[in-house]
Amino acid sequence: MTLRSRLAAGTVATLTLALAAAFVFVYFAVAGELRGQIDSALRSRANTIAALHRRSPTGRLRPPTSRPTFGGAAGYVQFVTAAGKVELTPGETVRLPAAAGTAVASGRRHASFSDVTVDGTHLRVYTVHIGKNEALQVARPLTETDSVLRRVRFLLFGIALIAAVSGGIAGFLFLQRALRPVTRLTEDAERIAATGDLRARTTADTRDELGRLASAFNTMLDALGDSIAAQRQLVADASHELRTPLSSARTNLEVMQLHDELPSEERQRILAEAIDELREMTHLIEDLVDLARGDVEELALEPVRLDQLVADAVASAERRSGSTFDVTLTPTTVSGSAGSLARAVSNLLDNAVKWSPPGAVVEVRVAEGRVEVRDRGPGIDPVDLPHVFDRFYRARNARSMPGSGLGLAIVRQVAAAHDGSVTAANADGGGARFVLAVPTLA
């Protein structure tokens, strides 16, 4: 069953239930009003007869001058004693059920109304106590009332049926028009999935929830297109970056293979160059793996002492590079992944060491979830500043230096995974300043 059919069925069901509830209320209200009028007439008739009965010198009701026909509008009267004896008015032969009269006459029950059927006639009977051990029963036919209620039931059922059918047709047509944007969006999504053309867009000509859905779908296509473009660019850039060291290493090894007579010093130089190229390629592959892993893995966050983590990273950088670091650490606890944060801090330190001249001091500051690293190099060209965190981006004056161009991209990825940020700017007095900020814990 389609969504349109389910909504139409739900609309019809809701309308039918609402009409049924309303019509049941109307029916019982009409039935109550009609029966109330009859009950009022019976009570008035019984009071009149009881008054005449009490004023009678013999203590008995005088026979009426004109006896009503059984079931007539004037009502049918009989007397019942506590012993169950029934006394009819002169000329009557049909008796009403006396059980209720006996109970009222004996005082076990109060005056009450009841429905009975006598000789095929539906009657409304009022039973009231009129004297010692004696009760009066007055009956009136419900023939006209039952006929009216049958017509009311037929009329309400017909109205409900017509309303349900009309409401179903109207609801189906309305839903068909209302869900037209959903149908169009579905067709566009199926066409885009079949053709793979992410440049195609669906139309959003309304401002309601369906219009927002279409706009969100277009936004998703934009994001998906950008992601695929970035993926293709990453593959192309990675292929280019891997080709250079691989080609260089292969060339050096082929030279050694073709020239067995090379001197030992020359062979050592060629091997050293090949090893350097392979080491650079290994580093590039490791960076690519880290980037790919960071895109798909969800970090396991835990409390991390950021100041201690930075102290360990600085000690490792000093051993690797022999550079001097000016470190100021303020105890800071953050919520993060120690491994990812350590890699990001190491990349910032390596970048500062690479750009600092020999003998320069790299400044490192840690406070309130922020790691600030400043070098004493030439700074960042304003043209390059917006792109320093892009994958494989290299400034013009950095293309002759070693590196994959992925270190700062990994830093930005780690910052985003921790709901933090990383910024780069030129520092006053020269050099560049990088600031990594992640949320702190109390």
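In the predicted model, strand S9 and strand S10 (residues 370-374) run antiparallel and are joined by 5 bridges. Within this pairing, alanine 367 has arginine 370 in S10 as its bridge partner. The two strands form a hairpin with 2 residues between them. Glutamate 368 belongs to the loop between S9 and S10, and its phi is near 55°, a positive value in a residue other than glycine. The relative accessible area of glutamate 368 is 67%, over the 50% cut-off, and the residue is therefore exposed.

Strand S9 (residues 361-367) also pairs with strand S7 (residues 324-329); these two run parallel and are connected by 6 bridges. In this pairing, valine 362 of S9 stands opposite phenylalanine 325.

The chain beyond S10 was examined next. Glycine 379 is located in the loop that lies between S10 and helix H9 (407-417). Although glycine 379 and asparagine 426 are 47 residues apart along the chain, 5.6 Å separates their C-alpha atoms. Leaving aside residues up to four places away in sequence, glycine 379 touches Asn426, Gly431 and Ala432. In helix H9 itself, the buried residues are Leu408, Ala409, Ile410, Val411, Gln413, Val414 and Ala415. Just after H9, aspartate 419 adopts a positive phi of about 55°.

A positive phi is also found at asparagine 133, a residue other than glycine, where the value is near 55°. Asparagine 133 is placed in the loop between strand S4 (121-131) and strand S5 (134-141). Because its relative accessibility is 39%, between the cut-offs of 20% and 50%, asparagine 133 counts as partly exposed. By contrast, glutamate 368 in the S9-S10 loop is exposed.

The chain has 442 residues, of which 35% count as buried. Its accessible surface comes to about 25800 Å², and carbon and sulfur atoms account for 57% of that area. Among contacts between residues at least 6 apart in sequence, 62% join residues at least 24 apart.

The mean pLDDT of the protein chain is 81, with 86% of the residues reaching 70 or more. Over residues 62-71 the pLDDT is below 50, and this stretch has 18 contacts in the model beyond near neighbours in sequence. Where pLDDT is low, the predicted coordinates should not be read in detail.

Key:
Residues numbered from 1 in each chain as written. Predicted model: local features only at pLDDT ≥ 70, side-chain atom pairs only at ≥ 80, totals over all residues. Heavy atoms only, no water. pLDDT = per-residue confidence, 0-100. Contact = heavy atoms within 4.5 Å. Pairing = 2+ DSSP bridges. Helix = DSSP H or I, 4+ residues; strand = E, 2+ residues; numbered from the N terminus. Buried < 20%, exposed > 50% of the residue type's maximum accessible area, 1.4 Å probe, protein only. Areas by Shrake-Rupley, 256 points an atom, 1.4 Å probe, with all protein chains shown as cover.
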